[in-house]
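Hi everyone, thanks for coming.

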Amino acid sequence: MVAGSHDDPVSLPHPAEAARAALDWVASVAVDVERGQVWAERGQPYDDLYAGTAGVLLGCAEATAAGLDTAEVSEGARARLVHLAHHEDAEPATLPDDGLFSGWGGVAAALEAWAGVTGDRESADAAATVRARLASRASRIAPRACTDVISGDAGILLALLADREHDDAVHAVADGLVATAEATAAGLRWRMTADTSSIMPGFSHGTAGVAYALAAAGRELGRADLVEVAERGAEELLALGDHADGWAVPLVIPPQDHRPPVFFGWCHGPTGTVRLFALLEEIDPQPRWRHAIAACLQALRDSRLPARLYPGYWDNLGRCCGTAGVGQLLLDRHLATGDDGLLDWAGELADDVLARSLTQPRGLAWSNTEHTADPPALPAEPGFMQGAAGIAAWLARLSAVQQGRDVPISVVGLAPPWL
């Protein structure tokens with residue numbers, strides 16, 4: 001049952017109430033294990049930040065920072081991740097690598113976020129334990145096979161930047177990323193792997209995310225050379241995004257007939273790319289970065305999201321590819337700039353997401369859509385990047401800001417946030 005409709009906005013749940021109900025649903029679908037709980041995506045249990053336990057805990061950290069009581073969900077997620085932190089060799093199955101969204105980097109980030117919000121010393125110590133292992137492996141194997149934010153060195157670099165105890169590893173990973181850059185007529189770009197024939201320049205798998213990580217590392221380490229490399233990556237993106245139909249980087253180069261030319265979400269579109277420009281504007285304010293930020297926001301307006309203009313155009317509600325990710329960006333830009341128009345815009349997106357919520361036996365959830373599937377409605381997911389935990393966290397923070405309460409721009413210590 002859909003909770004509301006576009007023609008009946010009065011029936012929409014309040015964002016904070018929807019966030020609470022969504023976390024109730026997340027709690028109801030947890031799977032008990034020997035130590036804590038895990039969550040499954042389409043029947044497969046995961047502990048990662050993207051779809052699993054780490055993402056659930058990160059969502060709880062954001063919601064807790066906004067004033068929600070998340071104990072029913074967070075206790076099981078926290079217990080699981082603390083246990084994994086101290087038993088890596090015993091239970092590594094659902095964490096295939098050290099990536100920020102796919103593996104151990106996300107465990108460290110989620111535990112660090114939870115500790116930062118709650119003051120939980122055990123979680124902080126567990127995060128430090130995981131980071132020490134990440135640093136040890138990164139120092140021995142840099143560069144790795146993959147460069148990106150999801151599974152590769154850019155994400156590992158961001159995970160390691162949470163403290164300054166592993167600078168040698170941070171330097172090694174950053175230098176490895178610099179070594180894998182490819183020069184273009186406009187600047188620099190990165191392939192996800194050395195043998196990848198295509199280029200995905202967006203935040204999740206390409207230049208925007210790698211350059212962001214290098215800019216963040218350059219600022220933390222005081223290395224102007226890393227910031228300069230990040231700027232050259234941004235210059236490549238500025239050149240790619242400047243086209244007759246508005247500003248947005250291509251989804252993939254060369255274009256593929258079976259995929260749209262551009263996306264607009266965090267993963268491949270201006271919602272993610274803008275974070276690089278915002279970070280560079282913080283480090284070295286320049287008109288070109290301010291112009292790029294404005295161009296990204298204008299591209300989102302011009303896209304007419306969240307209107308579903310045709311099947312497959314805007315079928316996702318989550319933080320990675322969908323409406324919640326855009327709303328999270330608008331909320332953070334409002335917090336950074338004080339622009340109330342961005343807050344109003346985020347509220348409009350929230351109304352659409354709330355109108356598409358699905359009443360469950362316990363709580364609320366959301367279903368993304370795959371227009372080529374039969375039926376097109378996909379199973380509701382509990383995770384952070386494609387499911388209820390991430391949507392609930394955004395709605396909780398949005399509600400707090402709308403009520404005039406202070407909430408942090410980022411609970412993981414990186415400003416502007418990588419999410």
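Before I go on, what we have here is a predicted model, where local features need pLDDT of at least 70, side-chain atom pairs count only at pLDDT 80 or more, and totals for chains, interfaces and linings use all residues. Residues are numbered from 1 along each chain as its sequence is written, and side-chain values use heavy atoms, leaving out hydrogens and water.

Back to Asp-351, which sits in helix H13, residues 340-355. (Helices are DSSP runs of H or I with at least four residues, strands are runs of E with at least two, and both are numbered from the N terminus.) Together with Asp-339, Asp-340, Asp-344 and Glu-348, Asp-351 makes up a patch of negative charge on the surface. A patch takes residues with over 30% relative accessible area and no salt bridge, and like charges are joined within 9 Å.

Now, salt bridges. How many does a search of the whole structure find? The count is 23, where a salt bridge is a side-chain nitrogen of Lys or Arg within 4 Å of a carboxyl oxygen of Asp or Glu.

Take Asp-163 and Arg-131, whose side chains meet at 2.7 Å, N to O. Asp-163 is in the loop between helix H6 (153-160) and helix H7 (167-179), while Arg-131 is in helix H5 (residues 121-140), so the pair ties together parts 32 residues apart in sequence. Buried or exposed? Both Asp-163 and Arg-131 are buried.

Another pair is Arg-288 and Glu-235, with their closest N and O atoms 2.7 Å apart. This one links distant parts of the chain, from helix H11 (residues 287-302) to helix H9 (residues 224-241), 53 residues apart. Arg-288 is partly exposed at 29%, and Glu-235 is partly exposed at 26%.

There's also a network of salt bridges linking Glu-88, Asp-98, Arg-133 and Arg-137.

Last stop, the sheet: an open one of 3 strands, in the order S1-S2-S3, with antiparallel pairing. Strands S1 (31-32) and S3 (44-46) are at the edges with a single partner strand each, so one side of each has no neighbour in the sheet. Two strands pair if DSSP finds at least two bridges between them, and S1 and S2 (residues 37-41) have 2.

How values were computed. Patches are made of residues with over 30% relative accessible area and no salt bridge: like charges are joined within 9 Å, nonpolar side chains (Val, Leu, Ile, Met, Phe, Trp, Tyr) within 5 Å. Accessible areas come from the Shrake-Rupley method with a 1.4 Å probe; for residues, only the protein chains shown count as cover. Lys and Arg count as positive and Asp and Glu as negative; His and the chain ends are not counted. The place of a charge is taken as NZ of Lys, CZ of Arg, CG of Asp or CD of Glu. Buried means under 20% relative accessible area, exposed over 50%, partly exposed in between (1.4 Å probe, protein chains only).
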